[in-house]
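Dear colleague,

I am passing on the structure we spoke about, and you will find the sequence and the coordinates just below. My notes on it follow, and I would be glad if you read them with the model open.

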Amino acid sequence: MMAVPSRIRTQKGWPDATMSASGQVRWGIVGTANIARAQFLPGLRQAGGIAAAVASRDAARAAQFASDNGIERSIAGYENLVTDPGVDALYIPLPNSLHAEWTIRALEAGRPVLCEKPLCGTLPDTERVLEVAGQTGTLLWEAFAFPFHLQLHEIKKLLQDGAIGDLMEIKSNFHFSLRNPANIRLSRQLQGGALLDVGCYPVRLAQELFGPSYDAAWASAVTGGDGVDVDTWGVLNYPGGRRLMLSSGLGRSYDTFTTLEGTSGQIRITNPFHPRASDSYQLVVGSSEDRTFMSGAHEPSFTAAIRHIHAVLGGSEPPRQLAVETSLPTARALADLAAWLRRPEPVLPGAADGSSSATAADG
Ligand SMILES: NC(=O)c1ccc[n+]([C@@H]2O[C@H](COP(=O)([O-])OP(=O)(O)OC[C@H]3O[C@@H](n4cnc5c(N)ncnc54)[C@H](OP(=O)(O)O)[C@@H]3O)[C@@H](O)[C@H]2O)c1
């Protein structure tokens, strides 16, 4: 795994940033994305940050988005925001294919970045971005909010306490229903597809619980949109017979149900990724120890991550979950799973009976 650069390890706060007089972090948002409106801004406000500016490819769209969402300034052109002296940190919620370019530009301009997940749509782009983060020492986070949630912390404690014995299998879903055919997730050119969009969550969860090293990957998918995977399932094998079984897609009702299977019980989680207060996880061991716990999610999903970034930039917490520490294993696993989606030859029924080596390619 890529080492954390010494400048980041030793850094207290963010020396190049001129924070607002109030000490609040001033954020710039690159693009007028839905996720910025629906998740980032509520999280930012709850965490006490300032929505200082939004940039769009289109000046009128930036102005409208700023006015609709209470953002102080609108800016035409992403470049003008990246170099704007009035922002301390940048949030990049662009289509996946643009993450690398704009994250690199922001890092080179010395702006700490929260880039949307997946950090990039390809492994080489991820490696390039992490290289620049390492070289510049500029702080970079990938916007997986759930590792910062209390819920995951509590579930990890249950696992460490041996509540379900040894964790052997994670079965994890992330499905939702996409109706707009023009959505960026259905575009091959913009690096859409279910695996990158939502399959990345189970992969990242497995990394949190099993660690970064897996032995093998396998995946399959139904294709849709303009040639992206829209319904995708797969397996990551981990040492000792442990495994992630993931199911992700863009064509079913919302489902994030996840089960952690141990040698002596299960933890069933209604939503490990973006829990609401009504979500819960259930410890099932077949005895009086069985219990249901509420998620404890009483604030927007992004709040804890943004609060942490504020604390790092203010010098009161060392950085956690930096992209240089966490993003490469996720990107590798996604690339290995995606490699299976490009294979032309699925094994057909009967291929194992020894009488033929039939594959789809044999017709
Ligand atoms: N962490 C999470 O919970 C979460 C949830 C949802 C999405 N996401 C991630 O956030 C990112 C954005 O998702 P979204 O659904 O919010 O996207 P979206 O609403 O389609 O917004 C993407 C923005 O990118 C800009 N853009 C630049 N080039 C574009 C192009 N060629 N086509 C379309 N838009 C372009 C547009 O802003 P301008 O035109 O104004 O420049 C657009 O508003 C994705 O990486 C996604 O995976 C994360």
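By class, the shell around the ligand is made up of nine nonpolar, six polar and six charged residues. Please keep in mind that this is a predicted model. In total, 21 residues surround the ligand, and the closest are Thr32, Ala33, Asn34, Ile35 and Ser56. Helix α2 (residues 34-46) supplies the largest share of this shell, with three residues, while domain 1 and domain 2 each contribute at least three residues to the shell.

As for the domains themselves, the assignment for the chain places residues 6-145 + 304-321 in domain 1 and residues 146-299 in domain 2, and the centres of the two, taken over C-alpha atoms, are 26 Å apart. Where they meet, 13 residues of domain 1 are in contact with 12 residues of domain 2. On the domain 1 side of that contact, helix α9 (residues 303-313) gives the most, with three residues, and the residues of this side divide into six nonpolar, six polar and one charged.

The largest nonpolar core has 97 residues, and those with the most contacts inside it are Trp27, Val30, Leu90, Tyr91, Leu140 and Leu334. Helix α8 (residues 194-210) provides the largest share of this core, nine residues. Because domain 1 and domain 2 both give residues to this core, it lies between them. Leu90, leaving aside its neighbours within four places in sequence, is in contact with Gly28, Val30, Val82, Ala106, Arg111 and Val113.

With best wishes

Methods
Residues are numbered from 1 along each chain as its sequence is written. This is a predicted model: local features need pLDDT of at least 70, side-chain atom pairs count only at pLDDT 80 or more; totals for chains, interfaces and linings use all residues. Domain bounds come from an automatic or database domain assignment. Two residues are in contact if their C-beta atoms, placed from the backbone, lie within 7 Å. Helices (H or I, at least four residues) and strands (E, at least two) are DSSP runs, numbered from the N terminus. Ala, Val, Leu, Ile, Met, Phe, Trp, Tyr, Cys and Pro count as nonpolar, Asp, Glu, Lys and Arg as charged, and the others, Gly among them, as polar. A nonpolar core is a set of buried Ala, Val, Leu, Ile, Met, Phe, Trp, Tyr and Cys residues joined through C-beta atoms within 7 Å. A residue is buried if 20 or more other C-beta atoms lie within 10 Å of its own, exposed if 12 or fewer, and partly exposed in between; C-beta atoms are placed from the backbone. A residue is near a molecule or strand if its C-beta atom, placed from the backbone, lies within 6 Å of it.
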